[in-house]
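Biologist: I would like to learn how to read a model like this one. Please take me through it feature by feature.

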Amino acid sequence: MLGRIPDDAAKRISERAWRELARRLSGRLLRPGDPRFVDVARPHNLRYAKVLPAGIARCRSSNEVAQAILWCREHDVPLAARSGGHSYAGFSTTRGLMIDVGAMNATRFNAAEETITIDGGARNGDLYKALPATGMTITHGRCPTVGAAGFLLGGGIGFNMRALGVGCDQLVATDIVTADGNLQTVNAHDDLFWACCGGGGGNFGINTSFTVRTFPTAPVTVFRMAWNVNSEEVFAALMRALDAAPSGLGARVSLGAPRQRDEKRDVPVRLLGQLKGSARELADILAPVPPGSSTEIFEKSYWDGQAFLEEPGPPEYFQERSTFLTGTLDSNALATAFDWLRRWPGTSVGADLRFFQTGGKINERAADATAYVHRNNRWLMLIGLGWEACDPPDLLRQNRAWQDGFYQAMLPYGTGGAYQNFADPSLNDWGHAYYGANFERLRRVKAAVDRKMLFQFAQAIPPAE
Ligand SMILES: Cc1cc2nc3c(=O)[nH]c(=O)nc-3n(C[C@H](O)[C@H](O)[C@H](O)COP(=O)(O)OP(=O)(O)OC[C@H]3O[C@@H](n4cnc5c(N)ncnc54)[C@H](O)[C@@H]3O)c2cc1C
């Protein structure tokens with residue numbers, strides 16, 4: 001790869017150079033041995049927890065971010081930006097300098113413009129605190145510790161997306177410090193802004209703030225339901241019913257891999273979601289679906305509804321493999337899916353086939369309107385696999401082979417795309433899977449702002465020749 005800095009380059013750095021960086025950051029530099037170092041360095045996906053940086057720059061301003069970037073350039077040190085640390089593939093870990101913007105977590109609401117400006121290190125949880133008083137919302141996720149930066153830069157899916165678009169569709173402007181250390185504010189007139197709308201975190205610079213359009217909240221009906229028998233019949237009816245629902249409905253369905261390998265064993269079906277509407281309207285939507293074994297349905301104010309849906313989660317070991325579907329699965333695809341689920345080798349954690357309902361407003365934009373290219377689909381499907389450190393390596397290998405086999409078996413039913421925010425280290429042609437026909441334009445933007453690939457990781461967009 002062009003301009004690649006060796007992974008162990010930071011080992012050559014003199015203590016004097018580190019002291020110089022600490023001075024530029026008013027002391028907010030963590031080095032190994034500091035009692036806070038390991039906690040700050042730890043990514044959400046524990047698979048990557050052993051990749052420890054040589055230092056962590058805990059920046060509080062765009063200027064400090066620029067200083068940290070320039071220092072990396074001066075000393076040939078690899079870098080990675082860190083906000084919420086939730087990259088599926090550990091892309092915010094590095095053996096060089098981690099530039100952590102987590103302390104930059106303020107938000108500012110502009111009532112006249114109906115926008116909120118979110119600093120580059122704010123997390124979902126900061127938005128949950130700031131937005132309720134405004135009566136407005138955006139498309140957001142459910143995990144309070146996911147960073148707004150990674151979320152918005154890679155698209156951003158959530159239960160509002162069918163009504164409002166993906167998160168990056170609401171972006172109005174962003175401040176970004178590029179490889180030359182310059183801070184730019186970019187908006188709809190700029191190629192770099194286009195690239196920031198779905199082109200993936202960590203590719204073009206370090207974004208230090210995002211200004212996002214907001215929308216009035218309305219009461220919601222939130223629901224969580226489970227079915228433990230007749231899974232094939234239930235799932236087919238459920239997908240048809242949801243597919244016909246208005247875009248005010250946001251839903252996630254999961255089919256759990258049964259714990260014991262048994263071809264006859266039933267696959268638990270789980271549904272979670274929200275409807276902008278009443279419980280009565282939800283009942284009408286779900287009328288064709290057989291009754292579940294457990295059903296929770298509540299009419300709530302918007303933010304009480306989000307508290308019900310919120311899913312905090314501690315760091316874990318996992319891999320997910322995703323693709324998009326243009327419709328519900330046909331009977332062949334369903335048979336294939338249930339067959340693979342029943343053959344799960346088992347881990348201490350779990351595995352599932354998950355579906356996020358897309359479509360609606362997301363599909364109203366052209367595929368090249370933003371870097372987020374996935375505009376022609378109705379579902380995002382993924383095969384999830386979690387495990388524990390204590391699971392034996394052989395069992396883990398069997399599980400990964402199972403996940404890959406399952407993924408290959410389901411690929412013919414998908415678009416060939418993959419969601420860039422569910423970064424999948426096993427993808428070969430990740431550039432086209434994540435970015436489709438937008439990949440070449442993204443490479444041109446990369447060439448314009450970072451030809452030497454200071455911003456580099458396993459699936460970093462390479463510059464156009
Ligand atoms: C438990 C969990 C729940 C999730 N829920 C959702 C969901 O509901 N919807 C959804 O769309 N996605 C979801 N995701 C995926 C999530 O959006 C992505 O993993 C996202 O990249 C995480 O962003 P982060 O800032 O937390 O992660 P980080 O690991 O800090 O960063 C992710 C990438 O962005 C880069 N980056 C970080 N900060 C910046 C910055 N300020 N400027 C430029 N680049 C930066 C990093 O270098 C890295 O490449 C979830 C992930 C997890 C683990």
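Modeller: We go from domains to ligand shell, then to core, sheets and backbone.

Modeller: First, the ground rules. This is a predicted model, in which local features need pLDDT of at least 70, side-chain atom pairs count only at pLDDT 80 or more, and totals for chains, interfaces and linings use all residues. Residues are numbered from 1 along each chain as its sequence is written.

Biologist: Into which domains is the protein chain divided?

Modeller: Domain bounds come from an automatic or database domain assignment. Here they give domain 1 (9-100), domain 2 (107-217 + 432-450) and domain 3 (220-300 + 316-427).

Biologist: How many residues of domain 2 are in contact with domain 3?

Modeller: Two residues are in contact if their C-beta atoms, placed from the backbone, lie within 7 Å. By that rule, 28 residues of domain 2 are in contact with 29 residues of domain 3. On the domain 2 side, α5, α6 (161-164), α7 (191-196) and α13 (430-435) each give two or more residues. The largest share, 4 residues, comes from α6. Helices (H or I, at least four residues) and strands (E, at least two) are DSSP runs, numbered from the N terminus.

Biologist: What is the make-up of that side of domain 2?

Modeller: Ala, Val, Leu, Ile, Met, Phe, Trp, Tyr, Cys and Pro count as nonpolar, Asp, Glu, Lys and Arg as charged, and the others, Gly among them, as polar. The domain 2 side divides into 16 nonpolar, 10 polar and 2 charged residues. The C-alpha centres of domain 2 and domain 3 lie 26 Å apart.

Biologist: Now the ligand. Which residues are the closest to the ligand?

Modeller: A residue is near a molecule if its C-beta atom, placed from the backbone, lies within 6 Å of it. The ligand is surrounded by 34 residues, and the closest are G84, G141, G147, G150 and G201. The shell holds 12 nonpolar, 20 polar and 2 charged residues. β3 (79-82), α5 (148-153) and β10 (206-213) each supply at least two of its residues. α5 gives the most, 4 residues.

Biologist: Where does the ligand lie relative to the domains?

Modeller: Domain 1 and domain 2 both give residues to the shell, so the ligand lies between them.

Biologist: Take G84. Is G84 buried or exposed?

Modeller: A residue is buried if 20 or more other C-beta atoms lie within 10 Å of its own, exposed if 12 or fewer, and partly exposed in between; C-beta atoms are placed from the backbone. G84 has 26, so it is buried. G84 sits in the loop between β3 and β4 (97-100). Leaving out residues up to four places away in sequence, G84 touches R123, T145, V146, G147 and G150.

Biologist: Which residues have the most contacts inside the largest nonpolar core?

Modeller: A nonpolar core is a set of buried Ala, Val, Leu, Ile, Met, Phe, Trp, Tyr and Cys residues joined through C-beta atoms within 7 Å. The largest has 129 residues, and A68, L97 and I99 have the most contacts inside it. Strand β18 (residues 379-387) gives the most to this core, with 7 residues.

Biologist: And sheets? In what order do the 4 strands of the open sheet run?

Modeller: Two strands pair if DSSP finds at least two bridges between them. The order is β1-β2-β4-β3, with mixed pairing. β1 (29-30) and β3 are the edge strands, each pairing on one side only. β1 pairs antiparallel with strand β2 (residues 55-58) over 2 bridges.

Biologist: Which strands pair with β10?

Modeller: Strand β6 (residues 115-119) runs antiparallel to β10, joined by 5 bridges. T117 has T211 as its bridge partner there. Strand β8 (residues 171-177) also pairs with β10 in the antiparallel sense, over 6 bridges. In β10, 6 of the 8 residues are buried, so the strand is largely enclosed by the rest of the structure.

Biologist: Last, the backbone. What is the phi of D76?

Modeller: Most residues other than glycine have a negative phi. D76 has a positive phi of about 55° although it is not a glycine. D76 lies in the loop between α3 (62-75) and β3. With 15 C-beta neighbours inside 10 Å, D76 is partly exposed. E114 also has a positive phi of about 55°. Its place is the loop between β5 (107-110) and β6.
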